[in-house]
Amino acid sequence: MSSSRTTEDTYEAQNDQRLDELHSKIRTLRGVTTDIYDDAERQHLTLDDTGNAFSSFSTSLSQSSRRAAQAFGLSGAGGVRQMRIILYIVGSFLALWLVWKMKEIWWVSESP
């Protein structure tokens with residue numbers, strides 16, 4: 001009987017030890033799960049903030065393009081035609097190029 005009781009005590013001790021190990025693993029798993037949940041919540045908030053920032057930027061950009069179109073007369077009736085604006089831009093670049101070339105000619109002629 002004594003031998004039977006000792007065996008039962010040994011099994012009981014092993015079960016208690018394994019139960020403690022299992023409890024420790026469950027606590028670790030719970031901690032990891034909590035960390036994952038907290039990280040997911042932080043990322044969710046970051047994504048929401050980023051989405052709001054892009055939405056705000058989109059609204060601001062559309063308002064700016066609308067104001068630019070009004071300033072150049074591209075919107076509404078009687079506005080300046082797109083071809084006229086292109087000609088202004090090309091003419092401006094041509095005028096700048098001519099000024100640059102004239103500056104080179106003046107500098108070369110002024111050198112001794």
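## Arg5 and Glu8

Arginine 5 and glutamate 8 sit 3 residues apart in helix H1, so about one helical turn separates them. In this predicted model, the two form a salt bridge, with 3.6 Å between the closest N and O atoms. As for cover, glutamate 8 is partly exposed, at a relative accessible area of 45%.

## Asp39 and Arg42

Further along comes another pairing to look at. Aspartate 39 and arginine 42 are also in helix H1, 3 residues apart, which means a separation of about one helical turn. Their side chains meet in a salt bridge, at 3.5 Å from N to O. Aspartate 39 has a relative accessible area of 32%, so it counts as partly exposed.

How many salt bridges turn up in the whole structure? The search finds 2.

## A patch of negative charge

Now for the acidic side chains. Asp9, Glu12, Asp16, Asp20 and Glu21 gather on the surface in a patch of negative charge.

Take glutamate 21, one of the patch members. This residue belongs to helix H1, which covers residues 2-71. Is glutamate 21 buried or partly exposed? With 42% relative accessibility, glutamate 21 counts as partly exposed.

How values were computed. Residues numbered from 1 in each chain as written. Predicted model: local features only at pLDDT ≥ 70, side-chain atom pairs only at ≥ 80, totals over all residues. Heavy atoms only, no water. Patch = residues over 30% accessible without salt bridge, like charges linked within 9 Å, V, L, I, M, F, W, Y side chains within 5 Å. Areas by Shrake-Rupley, 256 points an atom, 1.4 Å probe, with all protein chains shown as cover. Salt bridge = Lys/Arg side-chain N within 4 Å of Asp/Glu carboxyl O. Lys, Arg positive; Asp, Glu negative; His and termini not counted. Charge placed at Lys NZ, Arg CZ, Asp CG, Glu CD. Helix = DSSP H or I, 4+ residues; strand = E, 2+ residues; numbered from the N terminus. Buried < 20%, exposed > 50% of the residue type's maximum accessible area, 1.4 Å probe, protein only.
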